[in-house]
Amino acid sequence: QVQLVESGGGLVQPGGSLRLSCVVSGSIFSINLMAWYRRAPGKQRELVAAVNSGGTTNYVDSVEGRFTISTDNAKNTVYLQMNSLQPEDTAVYYCNANLRIRGWVRPFDYWGQGTQVTVSS
């Protein structure tokens, strides 16, 4: 069994900051990629940021320069530092991990339960 547990969401004023965390636990052999997605009301889920096992990061254009994804590999944790938050960043944020579990060759995708981020004055 693999679990992804997110934390760090909440209500913040425009221009403020939040840091999301996601801890991956279970019978993990290796992690290929970790990412943050979000789903805003009435919109489709979108990829916000991703980091692969080599440390290469990618961001959606709308958050480039404001959000930073990072990992603590020793703790199997991925973070999303969000600065200069705007109302359009309001969404449920989901952690995603593409990983191999012990005893399996092919990787699988796992998801967290989501954490609400609301940016409002």
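This report walks through some strands, charged pairs, rings and contacts in the structure above.

The model is predicted, so to speak of a local feature we ask for pLDDT of at least 70, and side-chain atom pairs count only at pLDDT 80 or more, while totals for chains, interfaces and linings use all residues. Residues are numbered from 1 along each chain as its sequence is written, and side-chain values use heavy atoms, with hydrogens and water left out.

## Strands and hairpins

A quick word on terms: strands are DSSP runs of E with at least two residues, numbered from the N terminus. Two strands pair if DSSP finds at least two bridges between them.

Let's start with strand β4, residues 28-39. β4 runs antiparallel to β9, and 10 bridges join them. β4 also pairs with strand β5 (residues 46-52), again in the antiparallel sense, over six bridges. Leu33 is a handy residue to look up here: its bridge partner in β9 is Asn98, and it stands opposite Asn52 in β5.

β4 and β5 make a hairpin with six residues between them. In that turn, Gly42 has a positive phi of about 75°.

Next up are strand β7 (residues 67-72) and strand β8 (residues 77-82), which pair in the antiparallel sense over six bridges. Ile69 stands opposite Leu80 in β8. This hairpin has four residues between its strands, and Asn76 takes a positive phi near 50°.

## A network of charges

A salt bridge here is a side-chain nitrogen of Lys or Arg within 4 Å of a carboxyl oxygen of Asp or Glu. By this rule, there are three salt bridges. Here they are:

| Glu46 | Arg38 | 2.6 Å |

Which residues are linked in a network of salt bridges? They are Arg38, Glu46, Arg66 and Asp89.

How open are these side chains? Buried means under 20% relative accessible area, exposed means over 50%, and partly exposed is in between (1.4 Å probe, protein chains only). Arg38, at 6% relative accessibility, counts as buried. Glu46 sits at 29%, so it counts as partly exposed. Asp89 is buried at 1% relative accessibility, and Arg66 is buried too.

## Rings

Rings of Phe, Tyr and Trp (its six-membered ring) pair if their centres lie within 6.5 Å; planes under 30 degrees apart count as stacked, over 60 as edge-to-face and the rest as tilted. The whole structure has two aromatic pairs. One of them is Trp104 with Phe108, an edge-to-face pair with 5.4 Å centre to centre and 80° between the planes. Trp104 is partly exposed at 46% relative accessibility, and Phe108 is partly exposed at 21%.

A charge can also sit over a ring, if NZ of Lys or CZ of Arg is within 6 Å of the ring centre and within 35 degrees of the ring normal. Arg45 does this with Tyr37, lying over the ring's face at 5.3 Å from the centre.

Is Asn96 buried or exposed? At 3% relative accessibility, Asn96 counts as buried, and it is found in strand β9.

A polar contact is a pair of N or O atoms within 3.5 Å; within protein, one must be able to donate a hydrogen and the other to accept it, and residues adjacent in sequence count only if both atoms are side-chain atoms. The side chain of Asn96 makes one with the side chain of Asp109 (3.5 Å). The Asn96 side chain also reaches the backbone oxygen of Tyr110 at 3.3 Å.

Contact means heavy atoms within 4.5 Å. Not counting residues up to four places away in sequence, Asn96 touches several residues, including Leu33, Tyr37 and Trp111.

Gln113 is found in the loop between β10 (108-111) and β11 (115-119). With residues up to four places away in sequence left out, Gln113 touches Leu4, Val5, Glu6 and Tyr94.
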